Amino acid sequence: MITIRNVSKIYPNGFQALRECSTQVEKGEVIVVCGPSGSGKSTLIKCVNGLEDFQQGEILVDGTSVGDPKTNLPRLRSRVGMVFQHFELFPHMSILENLTVAQVKVLGRSQDEATERGHKLLERVGLKAQAPKHPGQLSGGQQQRVAIARALCMDPICMLFDEPTSALDPEMINEVLDVMVELAQEGMTMMCVTHEMGFARKVAHRVVFMDEGRILEDAKKDEFFGGARTDRAKLFLSKILSH
Amino acid sequence: MHNWRWEVFLEPAQGGSGATYLDWVLVGLRMTAAVSLCSWVIALLWGSLMGIFRTYPSKLLYGLSTAYVEVFRNIPLLVQLFLWYFVAPEVAPLGLGAWFKQLHPNLQLFVASMLCLGFFTGARITEQVRAGIESLSRGQKAAGLAMGFTLPQTYRHVLLPMAFRIIIPPLSSECVNLVKNSAVASTIGLMELAYQGRQLVDYTAQSYESFIAVTALYVALNLLILLFMRWVEKKARVPGFMGGGGR
Ligand SMILES: Nc1ncnc2c1ncn2[C@@H]1O[C@H](COP(=O)(O)OP(=O)(O)OP(=O)(O)O)[C@@H](O)[C@H]1O
Ligand SMILES: [Mg+2]
């Protein structure tokens, strides 16, 4: 579903954020990307839907080359769901409008159809009653669940998560993780940047570990948690697990 | 000691048209309101477009809008007015100069003043709009694009609605500034409020009454604008956002 081949990325200021990264996410697979702050996790995931460009290598999403200038990026992105660390709901729209606006403007669905789908997904994330409210009136955990529902409304072929729980108060983390676990168990293809190793243990198929723009480990979950790996990854794991 | 004669406003004005001096003042008020309103429309539309360009990922649009802002913010308003009125008609391409010169002289004054105030204020609004857009988190643009919106759609549905809400207060001051600045048009002879005030002084010699009346009308006009903008701000308020009231 997602193929990342030899991707290198240099930011305009000359900083090289990615160094020859390669990995792959099969259909229905869940991979967790972790690594220290500044290791390039966000950069990598943003390259997947073309929010950042890259200078070298190739990324294919469902067979479409993201880096190809001829690719219709908006169309590709409309099929790839993305969830951000800071939710990024549209504050001037009601919760329901947040869920319907792109269905109508991008997918060309009718307002009725979009509304119906919006309500259905709100119900699914347990927020049916919040439809008429605005994002600023919800808690962080609720906002993030709305953000997930917003992405799901577009019937994505895969989902990207960039630290979806790291801006949340501890008591709200689980309500969001629960939604993600459920999604994973239904067979959604997911690429998740997260440090929630409980989530990784439960549903991930593979874990990718990054450091200084490189993918240092790319292993099956059990291998990653169980055995041989780089000192870097060991150190990182011991640090976050001791929290 | 000043000899107060407020009844002067009810006296028939010289020139024998039957109009009173009050009518003169009201003509000025109407002209000030008209030229301000027309300039405001230009300033808001043009300034918004340029403000968008200032944040758009295109070197050409960025360069164009930046040059516009720098030029129009750094030349004194009075000089700009002279350029629009005296110089532009001589050098304008596409027969626009000739078109301008065949207009009724009063209309020439109006058009020159309107363009001058519109593009001068537009440069200031450009910067407000840019600041408004830049005050939003970078994630908002990313979120819009990630939903599959094109960049123009992201501006239209995601960035601009919030940016404009945020800049309503500074826009109100720009609008008030515009009304005050419109007095500069009296220097080329546009018969707006300040010009009519001076006419009154010349014709009636009641300088205190004339200028008090003119001052009061400027203040009233601007209070009206502030009230209106306050109302707009309230209408546009987002629940749960920046004092938008209650969870
Ligand atoms: N727009 C940018 N311009 C220049 N450098 C950038 C830019 N964005 C990120 N970087 C740099 O690229 C590196 C990788 O950033 P990235 O956000 O991908 O890291 P990350 O792994 O997601 O870290 P975190 O855990 O803090 O989110 C960092 O050193 C960062 O400073
Ligand atoms: Mg990050």
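1. **Largest pocket: residue classes.** The lining of the largest pocket holds 16 nonpolar, nine polar and eleven charged residues. Here Ala, Val, Leu, Ile, Met, Phe, Trp, Tyr, Cys and Pro count as nonpolar, Asp, Glu, Lys and Arg as charged, and the others, Gly among them, as polar. The model is predicted: local features need pLDDT of at least 70, side-chain atom pairs count only at pLDDT 80 or more, and totals for chains, interfaces and linings use all residues. Residues are numbered from 1 along each chain as its sequence is written, chains are lettered from A and ligands numbered from 1 in the order written, and side-chain values use heavy atoms, without hydrogens and water.

2. A pocket is an open set of points on a 1 Å grid over the protein atoms alone, where a 1.4 Å probe fits, with protein on both sides within 12 Å along at least five of seven lines; lining residues have an atom within 4 Å of a point. Points are joined across faces, edges and corners, and the volume is the space filled by probe spheres set on them. The lining of the largest pocket counts 36 residues, and nearest its centre lie Leu51(A), Glu52(A), Arg138(B), Lys141(B) and Leu145(B). Elements giving two or more residues are α1 (41-48) and α2 (73-78) of chain A, plus α5 (105-135), α6 (138-146) and α7 (151-166) of chain B. The largest share, five residues, comes from α6(B).

3. **The helices α6(B) and α7(B).** Axes are lines fitted to C-alpha atoms, for helices over the stretch in contact, with angles from 0 to 180 degrees between N-to-C directions. (Under 35 degrees is roughly parallel, over 145 roughly antiparallel, 65 to 115 roughly perpendicular, and the rest oblique.) The crossing is right-handed. Right-handed means that the near helix is turned clockwise from the far one by less than a right angle; anticlockwise is left-handed. Gln140(B), Lys141(B), Gly144(B) and Leu145(B) of α6(B) meet Leu151(B), Thr154(B), Val158(B) and Leu159(B) of α7(B). By class, that contact has four nonpolar, three polar and one charged residue. Contact means heavy atoms within 4.5 Å.

4. **Second largest pocket.** Its volume is about 430 Å³. It is lined by 17 residues, and closest to its centre are Trp40(B), Cys175(B), Ile225(B), Phe228(B) and Met229(B). Chain B supplies the elements that give two or more residues: α1 (21-55), α8 and α10. α10(B) gives the most, with six residues. Which classes make up this lining? There are 16 nonpolar residues, one polar and no charged.

5. **The helices α8(B) and α10(B).** Helix α8(B) covers residues 168-181 and helix α10(B) covers 207-236; their axes come within 10 Å and cross at roughly 160°. That makes α8(B) roughly antiparallel to α10(B). The crossing is right-handed. Residues in contact include Cys175(B) of α8(B), and Ile225(B) and Met229(B) of α10(B). The contact has 13 nonpolar, two polar and two charged residues. Cys175(B), Ile225(B) and Met229(B) are also among the residues closest to the centre of the second largest pocket.

6. **A cavity.** Where does the probe fit but cannot get out? Such a set of points is a cavity. The count comes to one cavity of 30 Å³ or more. The largest cavity has a volume of about 40 Å³. It is lined from both chains: Val80(A), Gly81(A), Met82(A), Ala151(A), Met154(A), Ala146(B) and Met147(B). Strand β6(A), residues 80-83, gives the most, with three residues. Six of the lining residues are nonpolar, one is polar and none is charged.

7. **Chain B overall.** Chain B has ten helices and zero strands. Helices (H or I, at least four residues) and strands (E, at least two) are DSSP runs, numbered from the N terminus. The C-alpha trace of chain B spans about 70 × 55 × 30 Å along its principal axes.

8. **The helices α3(B) and α5(B).** The axes of α3(B), residues 77-91, and α5(B) come within 9 Å and cross at roughly 135°. That makes α3(B) oblique to α5(B). This crossing too is right-handed. The contact includes Trp84(B) and Tyr85(B) of α3(B), and Phe119(B) and Phe120(B) of α5(B). Its residues divide into eleven nonpolar, three polar and no charged.
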